[in-house]
Amino acid sequence: MAKSVKVAKKAAPAKAVAQAKKAKYVYFFGAKQSEGTVAMKALLGGKGANLADMAGLGLPVPPGFTITTEACAKYYEIGEKALHELIREEVRDALTKLEKATGKTLGCGVNPLLVSVRSGAAASMPGMMDTVLNLGLNPETVEAMIARTNNPRFVWDSYRRFIQMFGNVVLGVEHHDFEHELEAVKHAKGYTLDTELMTEDLKEVVARYMKMVKKVKGCDFPTDAMEQLTLGINAVFGSWNNPRAIKYRALNDIRGLLGTAVNVQAMVFGNSGTNSATGVAFTRDPSTGEHKYFYGEYLINAQGEDVVAGIRTPQQITVKGSREWAKARSVTEAVRKAQYPALEESMPKVFKQLDAIRVKLEQHYKDMQDLEFTIEDGTLYMLQTRNGKRTAAAAVKIATDLVQEKIIDEKAAVLRVDPSQLDQLLHPVFVKSSEAKAKKITVGLPASPGAATGQIVFNAATAELWAKEGKKVILCRIETSPEDIGGMNVAAGILTARGGMTSHAAVVARGMGKCCVSGCGELHISYDKKTISCNKLVLQEGDWISLNGSTGAVYEGKIDSQDPKLTGPFAMIMALADKYRKLGVRTNADTPRDTAKAVEFGAEGIGLCRTEHMFFEGDRITSFRRMILVAETVKNLRAALAACCDAEEKAVLERELAAPLKQYNQALKELLPLQRKDFIGMFKALKGRPCTVRLLDPPLHEFLPQDDAGQAEMAKLMGLSVEAIKQVVDSLHETNPMLGHRGCRLGISYPEVTLMQVRAICEAAAAVKGSQPEIMVPLVGHVKELASQKALIEQTIAEVEKAKKTKLHIKIGTMIEVPRAAITADQIAAEADFFSFGTNDLTQMTCAFSRDDAGKFLGEYVAKGFYDYDPFQVLDQDGVGRLVDIAIKYGRGVKPNLKVGVCGEHGGDPKTVAFCHRLGFTYVSCSPYRVPIARLAAAQAALKG
Ligand code: PEP
Ligand code: MG
């Protein structure tokens, strides 16, 4: 007997089996007999629930049954043997019902029943788990099928496909072992294509497969259909936790599911002759969202896997689609009609029925559907419908079109688009003139839009390795398979020689929002030589190419890219988001350019301007370094002077102080107009929107060169010895700089820096009408720190007001990024006009995870489930979040209308945004490119309540 490769995990505790017995694990579906409903997605998986639903709608669904996701959870809890015991009777009953409904019997009889065994979780994971088709074939049923169909070639071909699929998926025999046998027969006969294999050849292939399986696995291929079914069910449950499924769930943040359901369904045959076909279709274009016609592909005389596997080039569903396809490939109308007719032409009656089903399903599910169908001898069967995966552009267009078509309302549209997906729309496209000049190599299918330039690699491992080294890569494959997922994830773009719009590469790339060109038939990719050749051109690994995923064009070399236009459906979905959100959305920006970009993306102001970034620009770093060089000396001499009572000593100290103080003041004097100019630029770009400016925060050593060459250069520029520079660098060295001399501690030690910065802000505010600066003090832990800085700020505001004869309305607030500040927020609120949570530092200090070093172990912490996500990316709501909650309550206890924002990296993370909404934040602030994401996430949080 064949052993399953997916072995039972644990022995079954008898009590657990007894308890579990109460549950129902198997649900039948079929015309007028479906036990499940569409509402049971969590239990039946998406595929199972929709099959039951479609059958209920009277659509032609081959009958079958679904084994629940709870059974999958049991598989992992009690092991496969105990699960088998647990569901055996229910499976047998459902099978009897299925046999009755089809008039066929599994594994024997004159009319044998063959079934497909497919996975289907509540969240769709295309191609990640296992499937077995044609289950139930054995020597007896093969003969019976031949007698019924009178088509021995079809039956033997199905048998060899079954052995191959079952052998690989269930028994764990390597794919290439089967390929080896198949190739041997083809070679002996001088064939190149599988379709050239005749009945006798296929019999030989089957015999070779059987022999090979026995040799590799040490046991016979199972011929008992019930045993095949049990093993098949177990294999599908086992595939829930195969490495690629685990990786897919991690990449797509799919969590909290019980497992996969298993759908056992009567087989229908798209490969039973030229009046049969199989296909996949979308009710709207999954790349663009357009619905000019019915999008889809089909293959005559083929089985479902052939379409997705991308081995044959599929034909289009509609004449319109077919003509567009032909045009893109320079195929003449005559050739198209003769060789690649649309379904609309080749099977007009079936097309009409399918087209009516398309309309019905979209109206029913109120969303774009991804359909799988099979035509068996002229009869149409629906095998699947699900909400189709789509690019961000398509998601936005479909959601807004559905509102305009009155199929969904505005709120539903806002909830339809995944905020993190918006990122795809904000990224560059090729500059037209640069693309026009580029040398086009070939054109494939525009499988996933966008623009990508990178270096050629030929396998996923190299892609991951090179990407780690900071290289931009284009993953080039003959066709991709689920094993390539890691490489696809890191690649800038994906190029395949084979496969259609629904090939693995196309579907996965779209899901990832990654540029992909598929089905470039003209390209010859050699994995051995690591070359791509096209006509006379030969490209090597590491050569640069560019892909236009929106047109399918492939170019030699690099192409310049530019930012996309944010109009049309994107603008509409953003306007709807703004209508429903309650949270404000600001940006973290410190240059006029970033500010303008963020305003274009809809930022309502700046939530964090890190002023230190301004010190690095141009030669202003020189002035700032001059200030640093003497700052410590000035501070020490001033302290000595303050403590000195002796007049003579005082005079000496004053003389000593004179030169460094002059340099200190001079440097600050040089910096003042530069800072003022920056603020003027930003206030202008903000056009009256508020701007939270944070005073100097990082430790001073960050502004000095740490390497020998840099120090030598600085010494030359400053007219000092290298030793003198080194001495200052050493004196600023701290063991724990993140907890050292930084934040408001700098303004307390060097008040002139605060005074200079505040003066620059105030003078810029006086210069730009309508500007709304807010001054923020960083790293406050004690209210007295804030009070002391506030006094300096207020003094400067008053001075500028007097000098400029104007009234400045400037709020003074603080960052809450030190746990002590959070738990004394009531005291701090008394001095603050606003709080802005610096969740980067707050996470660092609350969890005691160094921002710079935690990368070493945080991955492991997340993998082990200690933290659901990296707490520096998604706010740790249970820990850091609790502190935030406390601080807001304390703060608003003192000042009920206290303005509260967040400006750590978390401000652009949709989950954190939802959390901030629940806690009653006033706004979130994030990097410019995440502003649209935050706007949509805020609206969704408001709508979800
Ligand atoms: C923070 O700590 O969250 C913050 C915004 O400040 P920075 O990242 O500059 O320390
Ligand atoms: Mg900080």
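**Close-up views of the predicted model**

**View 1. The largest nonpolar core.** This core counts 138 residues, and Phe835, Phe837 and Phe921 have the most contacts inside it. Helix α25 (residues 647–686) puts in the largest share, 11 residues. A nonpolar core here is a set of buried Ala, Val, Leu, Ile, Met, Phe, Trp, Tyr and Cys residues joined through side-chain atoms within 4.5 Å, with buried meaning under 20% relative accessible area (1.4 Å probe, protein chains only). Another core, of 89 residues, lies apart from it, with Leu95 and Val117 among them.

This is a predicted model: local features need pLDDT of at least 70, side-chain atom pairs count only at pLDDT 80 or more, and totals for chains, interfaces and linings use all residues. Residues are numbered from 1 along each chain as its sequence is written, chains are lettered from A and ligands numbered from 1 in the order written, and side-chain values use heavy atoms, leaving out hydrogens and water.

**View 2. Around Phe921.** Leaving aside residues up to four places away in sequence, Phe921 touches partners including Leu583, Phe837 and Cys916 (contact: heavy atoms within 4.5 Å).

**View 3. The magnesium ion (ligand 2).** Its protein donors are Glu817 (OE) and Asp841 (OD), 2.0 to 2.1 Å away. Glu817 sits in the loop between β30 (811–816) and α31 (819–823) and Asp841 in helix α33 (residues 839–847), so the pair ties together parts 24 residues apart in sequence. Both Glu817 and Asp841 are buried. Donors are N, O and S atoms within 2.8 Å of the metal (3.2 Å for Na, K and Ca); water is not among the atoms, so sites may look incomplete.

How values were computed
Helices (H or I, at least four residues) and strands (E, at least two) are DSSP runs, numbered from the N terminus. Buried means under 20% relative accessible area, exposed over 50%, partly exposed in between (1.4 Å probe, protein chains only).
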